[in-house]
Amino acid sequence: MKADKIIASEEFQKCIDFHGHLCPGLSMGYRASLAGLDWLKAQRAADEEIVAIVETDACCADAVQMITGCTFGKGNSIYKDYGKMAFTFLDRKSCRGVRFVLKSDAAPRNQRHMELIKKMQTDSASESERDEFKKLHEKRSFEILEMPIEDLFNVKELKIELPPKATIEPSKPCENCGEPTMASKLSEVNGLMVCRSCQPSF
Ligand SMILES: [Zn+2]
Ligand SMILES: [Zn+2]
């Protein structure tokens, strides 16, 4: 499908609304998520039926939450700080899983784009460089949206144990600060059951 059609779609617009802008990372997360749901033959998770594991906290993670319905708050969006463009999707019902990893040659680094990203990050880009950055960033997003999925990711079926479902447990007051805290997150320090934020001061 053509990128402008994808971008105009309700699904993609929701991603942009949630994330705040169109970017290559968002586009990548969008592609991986749709491919993941498709591979699992699953629908967006209303509850916890799908689990997503994202190995980077970059832009792509927002599209994964939006498209798969795996969210931080439901506990079925899991972040591993591995610094990889890798996305795993698990289906609790079928017990199947799949991992998509960005191919090393799928995102060749454009020198000028990298230079401009650095300038944007350090707030040292001129007006015309800002425009140039926006254009390159958009062009890259379009490429990612239109690229054949097999050129974008390596795909591997997984045998993986599903993480436990989110638990709901009653709170108990921390015996130092008094704030209600999930009981399993309290630990004993000097005979008192204290919360994690109080621990460094003990
Ligand atoms: Zn972004
Ligand atoms: Zn406390």
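I began with Asp-123, which is exposed, with a relative accessible area of 61%. I note at the outset that this is a predicted model, and I keep that in mind for every entry below.

**Entry 1: two residues with positive phi**

I looked up where Asp-123 sits, and I found it in the loop between helix H5 (111–121) and H6. Its phi is positive, about 60°, although Asp-123 is not a glycine. I wrote a reminder beside this: most residues other than glycine have a negative phi.

I then turned to Asn-190, which lies in the loop between strand E8 (187–189) and E9. Asn-190 is not a glycine either, yet its phi is positive and near 50°. I also looked up its surface, and Asn-190 is exposed, with a relative accessible area of 67%.

**Entry 2: the zinc ion (ligand 1)**

Which residues coordinate the zinc ion (ligand 1)? I found His-19 and His-21, each through NE2, together with Cys-23 and Cys-59, each through SG, at 2.1 to 2.3 Å. Along the sequence, the donor residues are spaced H-x1-H-x1-C-x35-C. The site links distant parts of the chain, since His-19 is in helix H2 (residues 10–19) while Cys-59 is in the loop between strand E1 (50–54) and helix H4 (60–68), 40 residues apart.

Is His-19 buried or exposed? With a relative accessibility of 15%, His-19 counts as buried, whereas Cys-59, at 28%, counts as partly exposed.

**Entry 3: the zinc ion (ligand 2)**

At the zinc ion (ligand 2) I found four cysteines, Cys-174, Cys-177, Cys-195 and Cys-198, each coordinating through SG at 2.3 Å. The donors follow the spacing C-x2-C-x17-C-x2-C along the chain. Cys-174 lies in the loop between strand E6 (171–173) and strand E7 (180–182), and Cys-198 lies in the segment after strand E9 (192–194), so this pair ties together parts that are 24 residues apart in sequence. I looked up both of these residues, and Cys-174 and Cys-198 are buried.

Why is the arrangement around the zinc ion (ligand 2) tetrahedral? The arrangement is tetrahedral because its four donor atoms subtend angles of 102 to 116°. For reference, I noted that the ideal angle for four tetrahedral donors is 109.5 degrees.

**Entry 4: the open sheet**

I traced an open sheet of five strands, in the order E2-E1-E3-E4-E5, with mixed pairing. Its edge strands are strand E2 (77–79) and strand E5 (153–158), each of which pairs on one side only. On average, neighbouring strands of this sheet are turned by 15° against each other, direction ignored.

I followed one pairing in detail: strand E4 (residues 96–102) and E5 pair in the antiparallel sense over six bridges, and Val-98 stands opposite Glu-157 in E5. Helix H3 (residues 24–40) packs on the sheet, where it touches E1, strand E3 (86–91), E4 and E5, and its direction makes about 155° with that of E4.

Within strand E4 I looked at Arg-96, which counts as partly exposed at 29% relative accessibility. Leaving aside neighbours within four places in sequence, Arg-96 is in contact with Trp-39, Leu-40, Phe-89, Leu-90 and Asp-91.

**Entry 5: two glutamates**

I found Glu-129 in helix H6 (residues 127–146), and Glu-129 is buried, with a relative accessible area of 14%. A polar atom of its side chain lies 2.9 Å from the backbone nitrogen of Ser-126. Apart from neighbours within four places in sequence, the contacts of Glu-129 are Arg-112, Leu-116, Lys-119 and Ser-124.

Glu-169 is placed in the loop between E5 and E6, and with a relative accessible area of 25% Glu-169 is partly exposed. Not counting residues up to four places away in sequence, Glu-169 touches Met-182, Ala-183 and Ser-184. The side chain of Glu-169 reaches the backbone nitrogen of Ala-183 at 3.4 Å, and a polar contact of 2.6 Å joins the side chains of Glu-169 and Ser-184.

Methods: Residues are numbered from 1 along each chain as its sequence is written. Chains are lettered from A and ligands numbered from 1 in the order in which they are written. This is a predicted model: local features need pLDDT of at least 70, side-chain atom pairs count only at pLDDT 80 or more; totals for chains, interfaces and linings use all residues. Side-chain values use heavy atoms; hydrogens and water are left out. Donors are N, O and S atoms within 2.8 Å of the metal (3.2 Å for Na, K and Ca); water is not among the atoms, so sites may look incomplete. Helices (H or I, at least four residues) and strands (E, at least two) are DSSP runs, numbered from the N terminus. Buried means under 20% relative accessible area, exposed over 50%, partly exposed in between (1.4 Å probe, protein chains only). A polar contact is a pair of N or O atoms within 3.5 Å; within protein, one must be able to donate a hydrogen and the other to accept it, and residues adjacent in sequence count only if both atoms are side-chain atoms. Contact means heavy atoms within 4.5 Å. Four donors count as tetrahedral if all angles lie between 85 and 135 degrees; four count as square planar and six as octahedral if opposite donors are over 155 degrees apart and all others between 65 and 115; anything else is irregular. Two strands pair if DSSP finds at least two bridges between them. Axes are lines fitted to C-alpha atoms, for helices over the stretch in contact, and angles run from 0 to 180 degrees between N-to-C directions.
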